[in-house]
Amino acid sequence: MGNNIISPTARIQDDLKIGSFSVIADNVQIAAGCVVGSHVVIHKGTRIGLNVRIDDGAVIGKLPMKAANSAVTKEQELPPAVVGDDSIIGTHVVIYAGAELGPKVLVADLATVRENVTIGEGTIIGRGVAIENFCRIGSYCKLETNVYLTAYSELGDRVFIAPCAATSNDNFVGRTKERFKHFKGVIVKRGGRIGVNSTILPGKVVEEDALVAAGAVLTHDAPAGKIVIGAPAKPVKDVPPEQLLENQ
């Protein structure tokens, strides 16, 4: 296969289409119908499902780096990365060991998915999105360009997060030892929506079908079925019935 380096212990199908200068490490499994671009690195033990497309420069199964003073990165044995059937991995995407992507997931160019992350079926991770470790993301969600999802966050099914929304998990903003006891990500329940450039503070909950308006700063939980606006965000009215998830 040209200028590629493929371990003899890798299990790949004869129909694999692969570019140049890619590396497939020991015990990697790649199912039938896959397309791998050039300069791709697939690390040890990674499992790639059926009909997966992996674009140029992607790295899958990367081990995390741990700074001496990291608050949430832990020394641990991680299972191999898993990419589900019919998924698409964009150019220069980085997916860490211990990440598990369900079927039909799209991870767009330049996005990062850290270790101990699960992503459900049909979810779209937009260009430049960063998903930190210990996050769970449901099915049929959409995280648009440059969303930042902090560690220890949970998204239910059919959550929508608009571009450049940011979340946080440290009320002590990096100071005092006390902060290590209180790290808490955000929770967005089924059908919750977050507008462009919104900021969600640590531990806050966006309840089912709530809408956090563009530019809002969420300092309290967003009630189910309500639109919250402002800084700090406050409920102002109900989500219109035609926008409720049950009416889609």
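Is Cys 141 buried or exposed? Cys 141 is buried, at a relative accessible area of 2%, where buried means under 20%, exposed over 50% and partly exposed in between, with a 1.4 Å probe and protein chains only.

Before going on, some ground rules. This is a predicted model, so local features need pLDDT of at least 70 and side-chain atom pairs count only at pLDDT 80 or more, while totals for chains, interfaces and linings use all residues. Residues are numbered from 1 along each chain as its sequence is written, and side-chain values use heavy atoms, with hydrogens and water left out.

Back to the cysteines. A disulfide is a pair of cysteine sulfur atoms within 2.5 Å, and by this rule the count is 0. For Cys 141, the closest cysteine sulfur belongs to Cys 135 and is 12 Å away, too far for a bond. Cys 164 is in no disulfide either, with the sulfur of Cys 135 nearest at 18 Å. Cys 164 is partly exposed, at 35% relative accessibility.

Now for the rings. The structure has 1 aromatic pair, meaning rings of Phe, Tyr and Trp (its six-membered ring) with centres within 6.5 Å; planes under 30 degrees apart are stacked, over 60 edge-to-face, and the rest tilted. Phe 134 and Tyr 152 form that pair, stacked at 5.1 Å centre to centre with 0 degrees between the planes. Phe 134 lies in the loop between β19 (130–131) and β20 (136–137), and Tyr 152 in the loop between β22 (148–149) and β23 (154–155), so the pair ties together parts 18 residues apart in sequence. Strands here are DSSP runs (E, at least two residues), numbered from the N terminus. Phe 134 is partly exposed at 22%, and Tyr 152 is partly exposed at 30%.

How values were computed: Helix = DSSP H or I, 4+ residues; strand = E, 2+ residues; numbered from the N terminus.
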